[in-house]
Amino acid sequence: MTEHAVVIAGGGPTGLMLAGELALAGIDVVIVERRASQDLDGSRAGGLHARTIEVLDQRGIAERFLSAGQAHPSLGYGGNFLDISDFPTRHNYVLALWQSQFEPILAGWVDELGVPILRACEVVGFAQDGTGVEVELSGGPSLRGRYLVGCDGGRSLIRKAAGIDFVGLDPSTSWMIAEVEMDEEPELGFRHDRFGTHALGRREAGEPIRLVLTERQLEPSGEPSMSELREALVAVYGTDYGLRRANWISRFTDMTRQAVSYRRGCVLLAGDAAHVHPPQGGQGLNTGVQDAVNLGWKLAQVVNETSPESLLDTYHAERHPVGARVLNNTMAQVALSRPDDRHQALRNTMAELLGMDEPRRRIAGMLSGLDIHYDLGEGHPLLGRRMPDLDLHTADGPTRVFTLLHDARPVLLNLGEPGGFDISPWANRVRLVDARHDGTCELPVLGEIVTPPAVVIRPDGHVAWAGDLTDRELPQALATWFGAATPA
Ligand SMILES: Cc1cc2nc3c(=O)[nH]c(=O)nc-3n(C[C@H](O)[C@H](O)[C@H](O)COP(=O)(O)OP(=O)(O)OC[C@H]3O[C@@H](n4cnc5c(N)ncnc54)[C@H](O)[C@@H]3O)c2cc1C
């Protein structure tokens, strides 16, 4: 039986990102993926939000995605467009990029990092003992891992076999989604009727048409047929516009569920395996990638025995509330899309509110992921929030915060006078960088804040401590997050 430190079930966006994070930390990781290749039809995610682009930037790989997509200044919420071009981030936009393009680019990075992917192979069961997990594979010998991470999507076998409850709402509505070619030019844009909202559109001239149709009754998930699609078009538009061919047809619902626990022993969940919700607001892939970035360095430190296993509890503590908030805002968006007059009145009210700056900033801060705040207690406003990508001057020349995070190692960034703290007990784990920042520090929702004299930045880009190098809490913060001091 082959042994690895970590076995990841599922090589979708979440599994790939987690594998990259672990590989950067030098962890022996393998992905088991049911699909024979990274190919995907176009029926899934359509874009990256600002915080996801930032985490890719923190690893030095954002450009690969940016060059393949198109930036748009506004993100969608319940039928409203929220402009984020005034947000203080280098990535103040949504990047239109299909999941079918995103996955191969991410897989290319994971491949460069040397992570093996067992393709056309399925996890069919597992057994945990006190020291790890034996993972049973379809048609082959088992694998053994100290940890198994279920990144195996909404129907996660890992979640079910671990006995982790998936609580929430059953579906109430289903939508048909397709990419089609038509002989006639259809009516592009949104149409509202007593069944809901329908939309036809294309990103570029000459491209096939993408459509989303609200179904008249809830249909079970599964691939609808061409004749069902034709009927649905005629029911809404009175014509099928000479529907010639469908490149793919799929269906999604507003089922909204979350795993009650993201960890059971040596088994963890991330991405859709931990939370499913309707695609309104385009947050599923984004949330999964960010789960992976939160978990990766923690799992690496536990595997390396730098940190105790209890560090893994902070993964659930930090990411479960983020997932719950995503579920909440997608439920609200589904409610906003209801077709009757009372919901129209609610939509009008929301549109008026979101036309104001403060509500727009709040909601857009949430959808973009830029406002995420892990509860690390009282303190400086940066504590638990993402560290902004400040321009820095160092003895080695100009740099920026995100560049310091490329190798996914923690950084103690000193923006005050150099000296004054002995990093040597953590020097094998934490890099001390003396730098100067001329200018202000601004957060997307809070606005301008006082730049602290020093910050501890975790590998996921969140601030674990902010203060003065002489503060007595600094050694404790380093020990809490990156393990006990090593004696000289
Ligand atoms: C219509 C639609 C539109 C969407 N739009 C957006 C959007 O605009 N923005 C956004 O962020 N998200 C969007 N999403 C959501 C997004 O597609 C998912 O959240 C995302 O794919 C989740 O990634 P994941 O890696 O967690 O899971 P998945 O992408 O589901 O990947 C799971 C992987 O695990 C593999 N697998 C499953 N079981 C096993 C097993 N037993 N053994 C081995 N491998 C296994 C699967 O083959 C798959 O590759 C949309 C979804 C839909 C349906």
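This report describes the nonpolar cores, the ligand surroundings and several individual residues of a predicted model.

## Nonpolar cores

The largest nonpolar core contains 86 residues, and Val6 and Leu299 touch the most other members of it. Helix 7, which spans residues 284-303, supplies the largest share of this core, namely 10 residues. A second core is separate and holds 20 residues, including Val411, Leu413, Cys441 and Val455. In soluble globular proteins, nonpolar side chains tend to be buried together.

The contacts of Leu299 can be listed by name. Leaving aside residues up to four places away in sequence, Leu299 touches Val6, Leu22, Tyr147, Val149, Leu268 and Leu312.

## The surroundings of the ligand

The shell around the ligand has 30 residues, of which Thr14, Glu33, Gln99, Asp272 and Leu285 come nearest. By class, this shell divides into 10 nonpolar, 13 polar and 7 charged residues.

An oxygen atom of the ligand is 2.8 Å from an N or O atom in the side chain of Asp272, and an oxygen atom of the ligand is 3.0 Å from an N or O atom in the side chain of Arg35. For Arg34 the backbone is involved: one of its polar backbone atoms is 3.1 Å from a nitrogen atom of the ligand. On its own the ligand has 1000 Å² of accessible area, and the protein covers 89% of this. Helix 1 (13-24) and helix 7 are the elements that give two or more residues to the shell. Helix 7 gives the most, with 3 residues.

Leu18 lies in helix 1. Its relative accessible area is 0%, so Leu18 counts as buried, the cut-off being under 20%. Not counting residues up to four places away in sequence, Leu18 touches Ile8, Val149, Cys151, Ala292, Leu295 and Gly296. Leu18 and Ile31 are 13 residues apart along the chain, and their C-alpha atoms are separated by 9.7 Å.

Asn294 lies in helix 7. Asn294 is also buried, because its relative accessible area is 1%. The side chain of Asn294 makes a polar contact of 2.8 Å with the side chain of Lys298. With residues up to four places away in sequence left out, Asn294 touches Tyr315, Glu318, Arg319, Tyr374, Arg458 and Asp460.

Most residues other than glycine have a negative phi.

Ala120 is exposed, because its relative accessible area is 56% and the cut-off for exposed residues is over 50%.

Ala408 is found in the loop between helix 11 (401-404) and strand 24 (411-414). Its relative accessibility is 11%, so Ala408 counts as buried, whereas Ala120 is exposed.

Definitions and conventions: Residues are numbered from 1 along each chain as its sequence is written. This is a predicted model: local features need pLDDT of at least 70, side-chain atom pairs count only at pLDDT 80 or more; totals for chains, interfaces and linings use all residues. Side-chain values use heavy atoms; hydrogens and water are left out. A nonpolar core is a set of buried Ala, Val, Leu, Ile, Met, Phe, Trp, Tyr and Cys residues joined through side-chain atoms within 4.5 Å. Buried means under 20% relative accessible area, exposed over 50%, partly exposed in between (1.4 Å probe, protein chains only). Helices (H or I, at least four residues) and strands (E, at least two) are DSSP runs, numbered from the N terminus. Contact means heavy atoms within 4.5 Å. A residue is near a molecule or strand if one of its heavy atoms lies within 4 Å of it. A polar contact is a pair of N or O atoms within 3.5 Å; within protein, one must be able to donate a hydrogen and the other to accept it, and residues adjacent in sequence count only if both atoms are side-chain atoms. Accessible areas come from the Shrake-Rupley method with a 1.4 Å probe; for residues, only the protein chains shown count as cover. Ala, Val, Leu, Ile, Met, Phe, Trp, Tyr, Cys and Pro count as nonpolar, Asp, Glu, Lys and Arg as charged, and the others, Gly among them, as polar.
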